Amino acid sequence: MTREKELRMALVCYGGISLAVYMHGITKEIWRLARASRAFHSGRSPHVKSTEHIYCGLLSEIEKDADIRLRVLPDIVAGASAGGINGVFLAQALATGQSLEPLTQLWLDVADVEALIDPEAAPSHRFAKAWALPIAWMAQRRGAARVDELVDSEARAEVEKKLSHFVRSRWFEPPFGGERFTNLVLDALAAMAESGGDGRLLPAGQPLDLFVTVTDFRGHPERLELNSPPEVLETEHRLVIPFTDHGTGGFADPAELVFAARATSSFPGAFPPFTIAELDKVLADRDMAWPTRDAFLQRALPRQYAVNAVDSAVLIDGSVLVNAPFRPAIDALRERPARREIDRRFIYIDPSPGAGFHFGTTAAQSPGFFQTIIGAISEIPRQQPIRDNLEEIQERSKRIENMRAITQSIRPEVETQIESLFDYTLFMDSPTATRLKNWRIKAQNAAAAKSGYAYAAYGHLKVAGVIDLISNLLHAVGGETGPDRLIRIRQVVEAAVRARDGGLTFAGKASESAILFLRSFDLGFRIRRLRLVARRLAELEEDLSEEQLTAARDAIYDALAAYLEAKRTDTHLALRRDVRSLHNDAAPLLEKLAASLNLKDLDDDTDAKLAAAFAGMAKDVKRPLLLTYLGFPFFDVATLPLLQGEGLDEFDPIKVDRIAPEDAAAIRSGGAEATLKGIQFNSFGAFFSRAYRENDYLWGRLHGAERMIDIIVSALPPRVRMKPGRVAAIKRSAFHAILDEEEARLTAVPGMIDALRREVG
């Protein structure tokens with residue numbers, strides 16, 4: 001029996017300077033996979049000869065052999081520096097259906113030191129700064145030892161010439177032009193737009209989120225609450241620029257994407273810092289309007305906007321402080337919809353793992369004075385391991401696994417309690433919506449009575465979680481960024497909740513005031529309940545016909561989607577003015593929010609949908625689903641403390657995958673050293689040679705395809721195994737498809753395609 005499953009990808013793209021070209025190759029394969037998945041689910045065959053055909057074939061094979069209809073959705077993208085600019089382009093392609101193909105030629109043509117150098121910085125003639133030539137020769141000799149046989153001898157002459165030109169350019173000021181780079185990004189987005197678009201690559205209602213990190217050079221003040229003194233100011237330099245299309249299309253104005261791409265990739269010393277004035281000038285020169293300018297700047301630079309200091313903001317490379325932006329990607333999980341089983345992946349793209357700025361020292365030597373300073377101010381912050389992020393994800397996944405194990409172990413006792421609560425014969429009949437509603441209320445009261453003193457702690461934990469949900473929702477609706485505003489909203493919301501008639505008590509049972517509050521605002525309880533029923537349905541699917549299974553899934557996930565929609569910020573934008581005027585009494589605003597949430601009607605709709613789905617089921621399948629639905633209050637009392645009150649929307653563990661040269665060894669082992677040229681000159685190498693760029697771009701596609709196939713196959717259940725050698729054969733087909741497609745374009749690396757064909761076999 002075929003079941004549907006979503007493989008959702010949250011992509012975290014590292015910085016890598018000229019390895020941006022390699023990352024473009026990887027993101028291009030992610031884009032092609034997203035296109036293939038859309039084509040597969042629409043019943044259309046890809047109309048281009050590329051890896052899309054391979055991916056479609058793999059998805060079809062999985063459906064045939066494993067009875068799983070897998071949909072691949074890259075729905076979260078977070079990037080810094082080189083990863084940030086690639087993330088911008090990928091997100092634009094996912095949101096609009098535009099092609100990434102035009103970008104390839106631009107990367108190969110203009111990601112070059114000659115194209116990037118500011119005309120005013122370039123040496124005026126070939127004898128300018130002749131005294132600097134020995135420095136260029138020394139640098140070239142350092143890099144030349146790392147050129148392998150795949151780059152022809154002409155590339156070495158090209159590198160020597162361009163390195164000499166670069167070293168003899170303007171000193172003590174960035175050699176690359178800011179306006180020039182801004183124009184190049186605009187040209188890239190224009191080329192994508194000219195390619196047209198064939199529609200969004202994600203299904204309707206599935207939001208696409210993009211996060212780009214930026215460093216605020218001057219910093220902005222943030223308030224911190226302490227015991228004493230009660231409040232202090234701290235300078236914050238980290239910025240995250242968020243974009244979302246809320247699942248409806250309409251992503252961002254091109255000027256906003258240029259702002260993010262130019263700012264995040266302003267590598268210190270190479271590019272001048274980014275300012276609003278630079279972008280305004282470039283847009284004016286191109287006669288381009290920016291109608292959303294004011295709203296965007298208020299969102300991207302709230303502190304500067306509040307004090308009319310946006311024009312003086314100075315922004316530099318996002319990877320200076322946050323080279324691996326996991327945090328915003330994790331936070332984005334809060335508003336994810338769910339209509340079927342989910343396999344959530346965090347995939348981070350690290351083009352050169354473990355690389356560092358060695359500057360003449362070896363492991364056997366102690367760093368000198370200047371080496372220590374340079375490492376401290378440049379390389380160490382950028383190369384800081386992501387262990388904290390991964391441990392957070394692992395801890396979250398561990399809590400979910402523990403919760404599922406506890407749920408499984410207490411299920412017999414919960415089912416016994418529910419059966420003793422109701423006449424067993426009721427389960428033999430098709431439950432109506434009215435009966436489900438009455439049974440839910442009775443089961444809720446029984447859970448409170450049976451739980452003893454633990455119910456009081458559970459109730460107050462629920463209230464605290466609901467207050468957090470309300471506060472975060474109102475804060476997002478108001479659009480006033482900053483932790484101090486969120487703190488203030490939470491204070492007035494909590495005061496209004498605690499002041500409700502009779503107070504919120506849970507001694508023995510919930511007070512009438514507490515029941516009314518939770519019925520009006522406790523979205524998390526409803527979402528967790530339907531998640532558990534969906535998981536129980538997956539365990540019983542072998543006992544259901546295709547028609548029954550489809551009806552049950554549709555009922556559960558349609559109801560779940562309605563609750564998740566109520567949780568989304570854009571559902572309540574009509575309350576924005578009320579939120580912004582909120583100062584002391586939050587009670588009137590809470591009444592409006594309760595009406596906007598409309599949970600009573602959603603509950604009635606859920607009961608009606610489930611009753612209709614249960615009506616056509618056999619009794620032996622209907623019974624365990626009803627026991628789970630009605631018994632959820634018992635499960636929740638036991639597991640919510642384990643989740644620490646966290647309302648987990650995607651109720652499954654998160655798996656983490658990496659894409660790096662070291663992880664893709666099907667063609668050649670040895671990692672970045674054996675495959676990439678851009679790692680030379682401290683990752684500036686690809687700026688000095690088109691041959692280097694062509695080499696890195698091609699390896700990016702090959703590595704990206706290999707890892708996409710690995711990740712797709714890893715989404716299969718443990719019981720399912722592909723035939724021996726089948727995965728390797730699929731990879732070979734993908735590699736040959738890439739080599740065939742790129743052979744005519746990559747002319748600066750003669751012989752490389754044929755050499756790789758021999759390696760692929």
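Colleague: How many bridges join strand 2 to strand 3?
Modeller: Four, in this predicted model. Strand 2 covers residues 68–79, strand 3 covers residues 209–225, and the two run parallel. For a landmark, look at A78, which stands opposite F211 in strand 3.

Colleague: And strand 4, parallel or antiparallel to strand 3?
Modeller: Antiparallel, over 13 bridges. Strand 4 is residues 231–244.

Colleague: What about strand 5, how many bridges does that have with strand 3?
Modeller: Two, also in the antiparallel sense.

Colleague: Switching to helices. Is helix 9 buried or exposed?
Modeller: Ten of its eleven residues are buried, so helix 9, residues 254–264, is largely enclosed by the rest of the structure.

Colleague: Which residues are the buried ones in helix 9?
Modeller: The run from A255 through E256, L257, V258, F259, A260, A261, R262 and A263 to T264. Note that E256 and R262 are on that list.

Colleague: Which residue caps the N-terminal end of helix 9?
Modeller: D253 does the capping. A side-chain oxygen of D253 lies 2.8 Å from the backbone nitrogen of A255.

Colleague: OK, packing. Which residues touch the most other members of the largest nonpolar core?
Modeller: F89 and F259, out of 123 residues in that core. Helix 1, residues 20–42, supplies the largest share, with twelve residues. F259 is also one of the buried residues of helix 9.

Colleague: What is F89 in contact with, beyond its neighbours within four places in sequence?
Modeller: L100, L103 and W107, then V185, A188, L189 and M192.

Colleague: How many residues are in the second core?
Modeller: 78, and this core is separate. V497, L540, L575 and V621 are among its members. As a general point, nonpolar side chains tend to be buried together in soluble globular proteins.

Colleague: Last one: where does D603 sit?
Modeller: In helix 24, which spans residues 599–615.

Colleague: Why does D603 count as buried?
Modeller: Because its relative accessibility is 10%, and buried means under 20%.

Colleague: So what does D603 touch, leaving out residues up to four places away in sequence?
Modeller: R440, R526 and Y563.

Note on methods
Residues numbered from 1 in each chain as written. Predicted model: local features only at pLDDT ≥ 70, side-chain atom pairs only at ≥ 80, totals over all residues. Heavy atoms only, no water. Buried < 20%, exposed > 50% of the residue type's maximum accessible area, 1.4 Å probe, protein only. Polar contact = N/O pair within 3.5 Å; in protein donor to acceptor, adjacent residues only side chain to side chain. Pairing = 2+ DSSP bridges. Core = buried A, V, L, I, M, F, W, Y, C linked by side-chain atoms within 4.5 Å. Contact = heavy atoms within 4.5 Å.
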